[in-house]
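Here's a quick briefing to read alongside the model. Have the sequence and the 3D view open as you go.

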Amino acid sequence: MAHPSQLGFQDAASPVMEELLHFHDHALMIVFLISTLVLYIIVAMVTTKLTNKFILDSQEIEIIWTLLPAIILILIALPSLRILYLMDEINDPHLTIKAMGHQWYWSYEYTDYEDLGFDSYMVPTQDLTPGQFRLLETDHRMVIPVESPIRVLVSAEDVLHSWAVPSLGVKMDAVPGRLNQTAFITSRPGVFYGQCSEICGANHSFMPIVVEAVPLEHFENWSFIMLQDA
Amino acid sequence: MLRQAAGHMRGLLARRASVAVTSSAVRMASQGHEVSETVDMSRPMYYDRADVPLPDKPYKDLLTDADKSLKQKEKGPWTQLSKEEKIALYRLMFCQTYPEMKQKTSEWKTVLGGIFFFLGFTGLVVWWQRIYVYPPLPKTFEGDSQAMQLKRMLDMRVNPVQGFAAKWDYEKGQWK
């Protein structure tokens, strides 16, 4: 989750998010360089007392400021496409979970082996115990085994929603009548928070997502208990 | 009135298009390739500009008899003109001198004052809103609750690589 006064991304909890962080650093550096250059030129133009009203053209600088942006764009595009294809690699997931968006909660279905399904509602502010995070906690978390490839099939039962967990680098729109697939691996155990990312009505801000990555045996215990409770 | 308008129209139509001052050979040499002819069809205007020293026409068009006689005197040797006459001739041709053109105005004070005024006004509006409009903060904003949330974030190892838990020394139990 985000920490106080945070400016940048949350720390990555999946390899894809790590790649995205590094790409963002790369692209942002280029953006800073260009912005600094432009700011310098603006200041130089504004503070000079010299004038020249008779420039008509200049072939040399035109060539430079056409070629250089093209090269910069290629330098941005190549890492970007690399990550794009990385995200689409064949991943052979260990577990498939269906995340269904409703107004205004998520429901998760683990139907690989048994029929496990449950709803995940936000804990209302007045019901929070001390130490819990406002607008982020849910009554049931999506528990997954750590360091295992997980496939999430995202859809919606009524209107558009979007299933997003920033620290895992995952965001997938939940479209009614459509199954969208996304996949990730958690590199470390922990609890990862996200919020619905597509406007879906009055309580769009109050349907968070909580993913809990635990060692496999803990996951097995949890799913056993959840099946019994159902 | 119609006659006046007709006179105007004739005047406009009779105005010849003024061809560019440079010849094509000069333009070729300075630009390195052919440049098309530019035809300036604008009406002559007077302007005071630091970067264009000589306007299209003199400042005073309608000369009094005194001005006309001064202009006649100008055709002779200039050493015979007194200082006041030279200044008068300048003022016939131009409205402002260079120092007058470049004179600083106090416009920036008005602009800055306006900015601060509106910033202050916005501040007042926000202050009023805080008192009369906003609902009370949720109980999670209280000091104890914040402290417990922070402790839980550290226990959960939130952002342990660079962000949050990375800055906490778990052995010593304090911030690094």
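Chain B comes out with an average pLDDT of 86, and 82% of its residues score at least 70; pLDDT is the predictor's confidence in each residue, from 0 to 100. For the complex, the predictor gives an ipTM of 0.89 and a pTM of 0.82. This is a predicted model, where local features need pLDDT of at least 70 and side-chain atom pairs count only at pLDDT 80 or more, while totals for chains, interfaces and linings use all residues; side-chain values use heavy atoms, with hydrogens and water left out. Residues are numbered from 1 along each chain as its sequence is written, and chains are lettered from A and ligands numbered from 1 in the order in which they are written.

**How the chains are divided**

- Chain A splits into domain 1 (15-88) and domain 2 (95-229); bounds like these come from an automatic or database domain assignment.
- Taken over C-alpha atoms, the centres of domain 1 and domain 2 of chain A are 39 Å apart.
- Chain B is assigned domain 1 (48-103), domain 2 (104-134) and domain 3 (139-171).
- The centres of domain 2 and domain 3 of chain B, again over C-alpha atoms, are separated by 38 Å.

- An unreviewed UniProt entry lists residues 92-225 of chain A as "domain: Cytochrome oxidase subunit II copper A binding"; UniProt positions are given in the numbering used here, feature names are shortened, and annotations may be inferred rather than shown by experiment.
- In the model, that 92-225 span of chain A is 7% helix and 43% strand, with its end C-alpha atoms 27 Å apart. Helices (H or I, at least four residues) and strands (E, at least two) are DSSP runs, numbered from the N terminus.
- For chain B, an unreviewed UniProt entry gives residues 110-128 as "transmembrane region".
- Residues 110-128 of chain B are 100% helix and 0% strand in the model, and the end C-alpha atoms sit 27 Å apart.

**The five-stranded sheet in chain A**

- Five strands of chain A make an open sheet in the order 3-2-1-5-8, with mixed pairing; two strands pair if DSSP finds at least two bridges between them.
- At the edges are strand 3 (116-120) and strand 8 (180-184) of chain A, each pairing on one side only.
- From one strand to the next, the twist averages 25°. Axes here are lines fitted to C-alpha atoms, for helices over the stretch in contact, and angles run from 0 to 180 degrees between N-to-C directions.
- Strand 1 (residues 95-102) and strand 2 (residues 105-110) of chain A run antiparallel and are joined by 5 bridges, with A:His102 standing opposite A:Tyr105.
- Helix 3 (residues 216-229) of chain A packs on this sheet, touching strand 1, strand 2 and strand 3, and its direction makes about 85° with that of strand 3. Contact means heavy atoms within 4.5 Å.
- A:Trp104 sits in the loop between strand 1 and strand 2 of chain A, and a cis peptide bond, with omega about 5°, joins A:Gln103 to A:Trp104.

**Around strand 10 of chain A**

- Strand 4 (residues 142-145) of chain A is covered on both faces: A:Met142 and A:Ile144 on one side, and A:Val143 and A:Pro145 on the other, are all buried. Buried means under 20% relative accessible area, exposed over 50%, and partly exposed in between (1.4 Å probe, protein chains only).
- In a regular strand, side chains alternate between the two faces of the sheet.
- Strand 4 pairs with strand 10 (residues 208-214) of chain A in the parallel sense over 4 bridges.
- Strand 9 (residues 190-195) of chain A runs antiparallel to strand 10, with 6 bridges joining them, and 5 of the 6 residues of strand 9 are buried.
- Which residue of strand 10 stands opposite A:Met142? A:Val211 does, and A:Phe192 stands opposite A:Val211 too.

**Individual residues to look up**

- A:Ala77 belongs to helix 2 (residues 59-87) of chain A and is partly exposed, at a relative accessible area of 31%.
- A:Ala77 and A:Ala27 are 50 residues apart in sequence and 9.6 Å apart in space, C-alpha to C-alpha.
- B:Arg157 has a positive phi of about 55° although it is not a glycine; at 40% relative accessibility, B:Arg157 counts as partly exposed.
- B:Asn159, also not a glycine, has a positive phi near 50°, but B:Asn159 is buried at 4% relative accessible area.
- B:Arg157 lies in the loop between helix 7 (143-155) and strand 3 (168-169) of chain B, and B:Asn159 is found in the loop between helix 7 and strand 3 as well.
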